[in-house]
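Student: I'm new to this one and would like a close look at a single part. Could you take me through it slowly?

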Amino acid sequence: MSTAEYHKLVRDKIPEMIREQGETPVFRILEQEEYLKELDRKLHEEIREYQEDKSLEELADVLEVMLAICKARGYSEQELRDVYEKKHAKRGGFEERIYLISKE
């Protein structure tokens with residue numbers, strides 16, 4: 001039997017899924033600071049995967065990590081939405097596709 005090395009943050013049900021495949025997952029629970037660091041790494045990974053694939057599924061993975069970061073940093077999903085809506089109302093979104101070249 002060969003060993004596959006991962007050394008990365010995975011979704012909560014992955015160890016169970018590995019067991020269902022007849023294999024044994026080797027993992028540990030991260031301390032808070034490690035968890036925050038690994039969430040940041042995971043966000044970069046998921047963004048990279050989205051940029052390569054452009055699929056809705058990969059975009060959903062980005063959102064999953066963003067919501068986990070929000071919760072891990074002590075914010076609620078509603079607080080995130082409130083800040084988003086406030087910024088959107090004040091500065092707008094990106095719907096008009098404005099590409100700023102310079103200002104004089």
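Let's begin with H7: where is H7 found?

Tutor: H7 sits in the segment before α1 (14-20); helices here are DSSP runs of H or I with at least four residues, strands are runs of E with at least two, and both are numbered from the N terminus. Before we go on, this is a predicted model, in which local features need pLDDT of at least 70 and side-chain atom pairs count only at pLDDT 80 or more, while totals for chains, interfaces and linings use all residues. Residues are numbered from 1 along each chain as its sequence is written, and side-chain values use heavy atoms, with hydrogens and water left out.

Back to H7. Its phi is positive, about 50°, even though H7 is not a glycine. H7 is also exposed, at 63% relative accessible area. For those words, buried means under 20% relative accessible area, exposed means over 50%, and partly exposed is in between, using a 1.4 Å probe and protein chains only.

Now move along to K8, which is partly exposed at 40% relative accessibility. The K8 side chain meets that of E45 in a salt bridge, 3.4 Å from N to O (the term means a side-chain nitrogen of Lys or Arg within 4 Å of a carboxyl oxygen of Asp or Glu). K8 lies in the segment before α1 and E45 in helix α2, so this pair ties together parts that are 37 residues apart in sequence. E45 itself counts as buried, at 13% relative accessibility.

Setting aside neighbours within four places in sequence, K42 is in contact (heavy atoms within 4.5 Å) with K8, L9 and V65.

That brings us to L9, which belongs to the largest nonpolar core, together with L36, L39, L43, V62, V65, I69 and A72. A nonpolar core is a set of buried Ala, Val, Leu, Ile, Met, Phe, Trp, Tyr and Cys residues joined through side-chain atoms within 4.5 Å. Helices α2 (32-53) and α3 (56-72) each supply at least two residues of this core, with α3 giving the largest share, four residues. To see L9 among its partners, look at L39: leaving out neighbours within four places in sequence, L39 touches L9, V65, A68, I69 and A72.
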